[in-house]
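Student: I am new to this structure and would like to learn how to read it. Could we go through it together?

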Amino acid sequence: MAQGPTRRETLAGMAALSLAGGTAHAADPARDQPGDPLLLWYRQPAQEWVEALPIGNGRLGAMLFGGTGMERIQLNEDSFFAGSPYDPTNPAAGAAMPRIRQLVFEEKWKEAQALADAAVLGRPSGQMPYQPIGDLLLVFPGTEGIRGYRRSLDLDGAVATTEFRTGSIAHRREAIASAVDQVIAVRLTARGSRGGALAATIALASPQQSESVVEGHDTLVLRGIGPAARGVPGGIRFETRVRVIATGGTVTAGKSDIAIDQASEVLLLIATATSFRRFDDISGDPSPIVRGQIDAAAAKGWPRLLADHQADHRRLFRRMSIDLGRTAAADLPTDERIRRSAELDDPALAALYHQYGRYLLIASSRPGTQPANLQGIWNERTRPSWDSKWTLNINAQMNYWPADMTGLGELTEPLLRMVQELSITGQRTARNDWGARGWMAYHNTDIFRATAMVDGSLWGMWPMSGAWLLASLWDHWDYSRDRDFLAALYPLMRGACDFYLDALAPHPQTGELVMNPSNSPENAHHPGASLAAGAAMDSQLLRDLFARTAEAAALLGRDGARRQALLAARARLPGDKIGKAGQLQEWREDWDMQAPEMQHRHVSHLYALYPGEQITVHDTPALAGAARRSLEIRGDDATGWGIGWRINLWARLEDGERAHRVVKMLLDPSRTYPNMFDAHPPFQIDGNFGGTAGITQMLLQSYRRTIHLLPALPAAWPAGSVRGARARGDVTVDLRWADGRLAEATLAAGTPGIHQLRCGKATARVRLEPGRPRVVRLDGEQLAVS
């Protein structure tokens, strides 16, 4: 199979079909009216990928540029990665691990890292990158004299739209990614006084080894295979089909393109599938899948495709709404609001960002798909940053922080399934590297669920991914109280505990149980040295894992003796410590103030504050004060996701003004692209999700069996409302506030339970029963419950 036509080659071949006009886009003042609070909109087409608008159905993703004379629709499918199933195990790891551990205990960190790089680092030393499928390219001749241009993304309807006029002709282009029908559908219309006026030439291009042909008179077909990477041969095959259904006019098939002339409407149906079946099986046949999807979608037609798609999307999206107030700034185009965010009073921009995060999670993670990766499902590069896979030392977990708290709990299913698969491949790594039972993973994985150490020991020698992933999944249980989910989760927790019980080692000075070798994710405690024994985050994660596994066993009536062993091991873990600068120590030793990067992007030792709950302002004030001091030392400016994490941390410290200041930093154009994608930089989607979670945490928190109402409300949001937020214990919460004070909260339970409520200094205790909502008001300094 030959290298397929690249986008540049295809564009060059099609350029003659496009007239020179269509480059100027005159604004239409009549269209620039106050708009929908759930709309991203722009006065000009996208010039760069981070200006294009994303649509997705969890599996298929597309980026729409909104071009007039030429449109580019960039395509992704969530299982399309380079490489093929492979085993990166380094057989030398097990023999070397005792010596590495000894060197760390002797504080010979660089020697330990050199040995780990030689004996533990996977083969290959990196993993497989996520790949683009290619582009659907549309050239429209005669689009000169553009006026009234507007492109938009409707978060509530999940429709991307481009509208403009040329002469007497009104052009409208709409695109959806349907989870119901597993297709991307694009509807093109161009209507004037003389009837059909739509002319276009359509082709597919790909950077992959591929071929593009036309079948019949109306179907483009792109077939290809993923590339090799890091010595692993490419093996995942893909097929993309585009069906062209025109109303009126003519459709003419070329060798690799299709031309339309004088149509009033065209429906494009795009289906893509791959040969990927499971992490260890890529033997599937994508062709019958996409053929069936196209045929079924064609039989439905646009009106039904759109109606079914929107009903499915709104079933999820409309579970939660948020209103933080509105000013005249909300009438501006989205890119201008972002560009001027530092100077504008624009609370509605934070609300839009919040809902955009929910939209992106719905679009990139559905039951049965892959989990949202570093870029969700959207990627145009064959060599994306950090491979656009799953980084497991914060980023994959942060992707799911907003899921349960914003009413999207079922979207965590792909994360559960990935952990189930890691528990299979991770058994090999636990046994080979550590001589341990159970399963484990280091700090990254890919579509083939590789679990060996990658990238080098300075970053990669972190064996705690399993514990953190399970903490994220425990959150879903805690919010939903779904016993079936807990039963599925428990074997994964038990297997991870087996690994850690075997891998923990007594510290030679104190006898405390520590993970060695490990690190505090990606942070060096001395120049060029990150390996350590007993980093704070290790103990924090294990305290949660051991206690929660014991609790799950008790709830399920299993493993009584194991529960006692877990709790005994938990008692021997090092506790959190306060260092000489008043900070929460990142390592067992007080190294924080001499670490090479004082403003490091990771704040791993603050896991116990958020997303954990071991440190709280009400129950552990001294440790909370130390966590605050750590945040002050670290600083608020960081990568996009690092800023997103800090919003949550300041919210958990109940400092609404500081949290709001960091929200403003996240919305700055240095950290938010024109299409509202998070800028690491470059684009990483975790910052979007961290921001959505952080804004939610400012308004509602639930931990340690207490529901906190408006715990970090800033003065910039004096009045507003939230509907459909979720609290732990299967509770749905509606909130309304005015003049900076709670006006009313309504709590509805799906599971009976007794809950402590807190709003400022006011507290109350309430029993919630299904079908019996309770209303809470702030009466003076007391909470009144009715």
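Student: Which side chain does Glu174 meet in a salt bridge?

Tutor: First, some background: this is a predicted model, in which local features need pLDDT of at least 70, side-chain atom pairs count only at pLDDT 80 or more, and totals for chains, interfaces and linings use all residues. Residues are numbered from 1 along each chain as its sequence is written, and side-chain values use heavy atoms, leaving out hydrogens and water. A salt bridge is a side-chain nitrogen of Lys or Arg within 4 Å of a carboxyl oxygen of Asp or Glu. Here Glu174 meets Arg172, at 3.5 Å from N to O.

Student: Is Glu174 buried or exposed?

Tutor: Buried means under 20% relative accessible area, exposed over 50%, and partly exposed in between (1.4 Å probe, protein chains only). Glu174 counts as buried because its relative accessibility is 8%. Arg172, at 31%, counts as partly exposed.

Student: Which residues are linked with Glu174 in a network of salt bridges?

Tutor: The network links Glu163, Arg172, Glu174, Arg187, Arg191 and Glu265.

Student: How many salt bridges does the structure hold?

Tutor: There are 61. One of them joins Lys389 and Asp387 at 2.9 Å, N to O, and both of these residues are buried.

Student: What about Asp78, which is buried yet has no salt bridge?

Tutor: Lys and Arg count as positive, Asp and Glu as negative, while His and the chain ends are not counted. For Asp78, the nearest side chain of opposite charge is Arg59, 5.6 Å away. A polar atom of the Asp78 side chain does lie 2.7 Å from the backbone nitrogen of Gln370.

Notes. A polar contact is a pair of N or O atoms within 3.5 Å; within protein, one must be able to donate a hydrogen and the other to accept it, and residues adjacent in sequence count only if both atoms are side-chain atoms.
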